[in-house]
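Hi,

Here is the structure I promised to pass on. My notes on it follow below, so please have a look at both together.

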Amino acid sequence: MKVVTANRLQDGAVVYLAPDNSWSERFSGAVLITDAEAQDVISVISGRVREIADAYLIDADASGPVGRETLRETIRSAGPTVRPDLGKQGERA
Amino acid sequence: MYRYDEFDETIVRERVKEFRGQVERRLSGEITEDQFKPLRLMNGLYLQLHAYMLRVAIPYGTLSSRQMRQLAFIAREYDKGYGHMTTRQNIQYNWPALVDTPAILDALADVEMHAIQTSGNCIRNVTSDQYAGAAEDEVEDPRPWCEIIRQWSSFHPEFSFLPRKFKIAVTASEHDRAAVKVHDIGLRLYKNSEGRTGFEVLVGGGLGRTPYIGHVIRDFLPKEHLLSYLEAILRVYNLLGRRDNAYKARIKIQVNAEGIDAFRGMVEEEWARIKDSGVDLPREEIERIRRYFAPPPFEKLPRESTAFNDAAASDKGFARWARVNTVAHKQPGYAIVNISLKPPGKPPGDISDEQMEAAAHIAERYSFDELRVTHEQNICLPHVKKDDLYAVYQSLQAADLATANIGLASDIIACPGLDYCTLANARSIPIAERIAERFSAAGVEDDIGELKIKISGCINACGHHHVGHIGILGVDKKGEEFYQITLGGSGAEDASIGEIAGRGLSSDEVIDAVERLVDYYRANRQDGERFLDAYRRLGLDRFKEAIYADAQAA
C-alpha cells in the first residue's frame, strides 16, 4: 500500500493526503491507496501546485511508513530525533 | 568592520523586493515549484525534511553584536528559537515558513546581511580564519581580501551559472584554520623570502564523493593581482568544466583530469591576456576597503594580567576553560576567546536565541562589538582583554556557553544528517552526541588532547569526515544506518584525506569503536604525539585492528 506525502507550500510542513482529498498533518490521518491506483493519484495531486511544494508516494501500512525509507519517513512524520520538543512529536506533548 | 555602501544597500534591498514578488507569484500558483525552486535557492531557501531551511551568509565569519541580535530576533520571531552554525560560516534556520521569508530577508538587510551566495552554482560565501585580525601568527588581516572577493563575486554575470558551486577560503597564517587546502580555491597570504606579501594559490581541493587536496597552481601571486588571477581560473573552469554530470562538474575533477600543469598553463595563458585589462582594483580602492578592517583601539597593556592569574588560581573551572578555549592574541594583554557550541549531548553548532543575545551582549561589552563564527561550528570573541576573561567566563557560564572543549574529542563537527536533511542517508547528530558524552563523562579529554572527529550523514561530506583525524560517514544499507570510519584525515596545514578503515558499523558499534581507537592511541603514543601524529607513525593496520577488535566478525 502507498500514502501520498508532501510539504505544504506556505510553511513546508509535512502533510499526507487524507481520505477527503484534503491534507492531514498527521500520518494517522492519511489515506492508504493501492499500488495499482498510486500513479494516477500522484499525477492528479501533483497538479495542486498552490497547496504543496512537492508530492511523492511512500510505502506504508496502517501502522506507518514501511520499507526502505522507513527511518526517513518516520523522522519526517515525527520530527528530529535529537529534538523531541520539535516537529509533530513536540506538538503532541 | 565592513559597512555597506550605497551599492551594497541597493543591491540587497532590490534582491529582497524581487524575491518578495517571486514568493507572491508562487503562492498564487502563477509559477510552479519547478519554476520557483531555482529562484528560492538563489536566495538561500531550501526545502528540507520537516520544513523550509534558510541559509544566511556570514561573510568571512564576521558579525557585529547588532547583527547577532538580529539573528536572535529572527530565530525567535520566525523560527523555533534557535539557529544552526554550519561548516561554511553560515547560519541555518530550520523552520521558516515560505510566507515569512521576504520579511526575514528584509530583517537581515536591516543589519547588512543576506542569504545571497549560500546556494546555487555560483561563487559561494567566502570563508576565512576566524582569528583574522587577532591571530599571533598571521602576516596581515585576510578579511579585506575576502571582502574584495565578495564584492567581485556577488552577482558576477559571468560566474553566476558555473558548472557547479564554487568555494573560496582565505587564510593569512601558517596554521590553517580555514581549511584552504580542501576548497575549490584556497588562498594563503604569506611573506616570501624577499619580504613581499602575496598569495599562495591552491586549486582543485574539495571533499564530497571525490575528495582531493588542492594543488598549488601559483606559489606567489602579488596581492594586487588577486582578482585577475581568480578571474582567469574561473574562466578556464567555466568554459571547460564538465556540465554533463553533476558529480564530475566541480573544478577538482577538471584539475585532476587535465593535470595541474596543463591546467596551470591554461590559467596562465588567460591571465596574461587579462592581467592588465582593468580587472584588478586600483591601490586606493584596496586601501579604502582595508580601512574598514583597521584594528580596534587596543589599550597598551602588559602581557600578563594579575587579575587573570588571581582568578585562575582560585577557580579551577575557569583555569581549565581559559587553557582550553582561549588563544594567544597578537596584542599584548589580550586573548581570543572561543565559545563552544558543542556541549556534550547537544546538537553541534546549535545556538538558542537567548544564547545569541548573551553572546552579542558579551561581545559588545568585552570584544569591541565583534564576534566570529567558525567553520568548526563554534563562535569566537576575537579581542578580549585578559583582565576581563573571568567576567567573560562567568557571563558565558550564565548562558550555558562555557563548555571547555575546543579542539578536544567532544568538539565534533557534524552535519544535520537525517534528522533534518533531504540528502542524508543516516543520522549524524545522535552519533556526535553519544561520542561527546562518552569522552566527556570519562573525564579523559584533556589526556587525549587534540582530536578532530568529523561526521557526515552522506557522501556529500558537509561534516568534513574525509579530513577528520577520525572521520565517520553515515551510509544506508537496505534501510538501516551504518557508519564507516576513516582515519588520518586533516583539514589543516598538514592536510590529508582519511583512509577508509573497513566495513561499516552499526550506530552502537561505532561509538565503541571510536573509544577503542582512542584507547589504542593513548596506550601507544609517544611523548607529545597527537592522535593524528600517532596514526601517521603507526599506520592504518594497527588502528584498524583496534576498531574491529570486539565488533562482530564481518
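I233(B) touches I185(B), V203(B) and V267(B), leaving aside residues up to four places away in sequence; contact here is C-beta atoms, placed from the backbone, within 7 Å. This is a predicted model, where local features need pLDDT of at least 70 and side-chain atom pairs 80 or more, while totals for chains, interfaces and linings use all residues. Residues are numbered from 1 along each chain as its sequence is written, with chains lettered from A and ligands numbered from 1 in the order written.

I233(B) is also among the residues with the most contacts inside the largest nonpolar core, which has 172 residues. Such a core joins buried Ala, Val, Leu, Ile, Met, Phe, Trp, Tyr and Cys through C-beta atoms within 7 Å. Buried means 20 or more other C-beta atoms within 10 Å of the residue's own, with exposed at 12 or fewer and partly exposed in between, C-beta atoms being placed from the backbone.

Then there is I435(B), which counts as buried because it has 24 C-beta neighbours inside 10 Å. Its contacts, again not counting residues up to four places away in sequence, are I412(B), I453(B), I511(B) and V514(B). From I435(B) to E174(B) it is 261 residues in sequence and 31 Å in space, C-alpha to C-alpha.

Finally, the domains: chain B is divided into domain 1 (6-110), domain 2 (127-292), domain 3 (306-398) and domain 4 (413-548), with bounds from an automatic or database domain assignment. Between domains 1 and 3 of chain B, the centres are 29 Å apart, taken over C-alpha atoms.

Best wishes

Terms used
Two residues are in contact if their C-beta atoms, placed from the backbone, lie within 7 Å.
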